Amino acid sequence: MRTVHFIAIGGSAMHNLAIALHRQGFEVTGSDDEIFEPSRSRLDRLGLLPDKLGWSPEDITPDFILKQFDQDANGSISRDEAKGHKVLVKGFQLVDTNRDNVLDRGEIEKAIVLIRKALK
Ligand SMILES: [Ca+2]
Ligand SMILES: [Ca+2]
């Protein structure tokens, strides 16, 4: 089953898209800082409401990052997959330590460690 993760799943357009994909058989997960009505009840009814709101640095894992950006699910993020994500495009050079134009799990893990340190 294909999984889709929505950042800001509570948005008026986002939650409708999430519900539409859920109905088409996708496994839908999401996160958001705040979710207001009517999005909240509509997502809740379908079991799509995130367990907790907001996010903490501990929620950011290689799996989490890969889930968002690894479109072909090969376990790494290519330049093409990073396209359109400002932070990822900017950080690509920094994270891609072996300069092969692909962010693999190990490189992502290292970057996350740095981000966590920076947030402390
Ligand atoms: Ca990929
Ligand atoms: Ca690399």
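Reader: What makes a residue count as buried or exposed here?

Author: A residue is buried if 20 or more other C-beta atoms lie within 10 Å of its own, exposed if 12 or fewer, and partly exposed in between, with C-beta atoms placed from the backbone. By that rule, 13% of the 120 residues of the chain count as buried. A word on the source: this is a predicted model, in which local features need pLDDT of at least 70 and side-chain atom pairs count only at pLDDT 80 or more, while totals for chains, interfaces and linings use all residues. Residues are numbered from 1 along each chain as its sequence is written, and chains are lettered from A and ligands numbered from 1 in the order in which they are written.

Reader: Why is Asn 98 called exposed?

Author: Asn 98 has 9 C-beta neighbours inside 10 Å, and exposed means 12 or fewer, so Asn 98 counts as exposed. Asn 98 sits in the loop between helix H5 (86-95) and strand E4 (102-104); helices (H or I, at least four residues) and strands (E, at least two) are DSSP runs, numbered from the N terminus.

Reader: How do you know that strands E1 and E2 pair?

Author: Two strands pair if DSSP finds at least two bridges between them. Strand E1 (residues 3-7) and E2 share five bridges in the parallel sense, so they pair. In E2, Gly 30 is the bridge partner of Phe 6.

Reader: What makes the crossover from E1 to E2 right-handed?

Author: The β-α-β path runs from E1 through helix H1 (residues 12-23) to E2. With the strands pointing away from the viewer, a right-handed path from the first strand over the helix to the second runs clockwise, and this crossover is right-handed.
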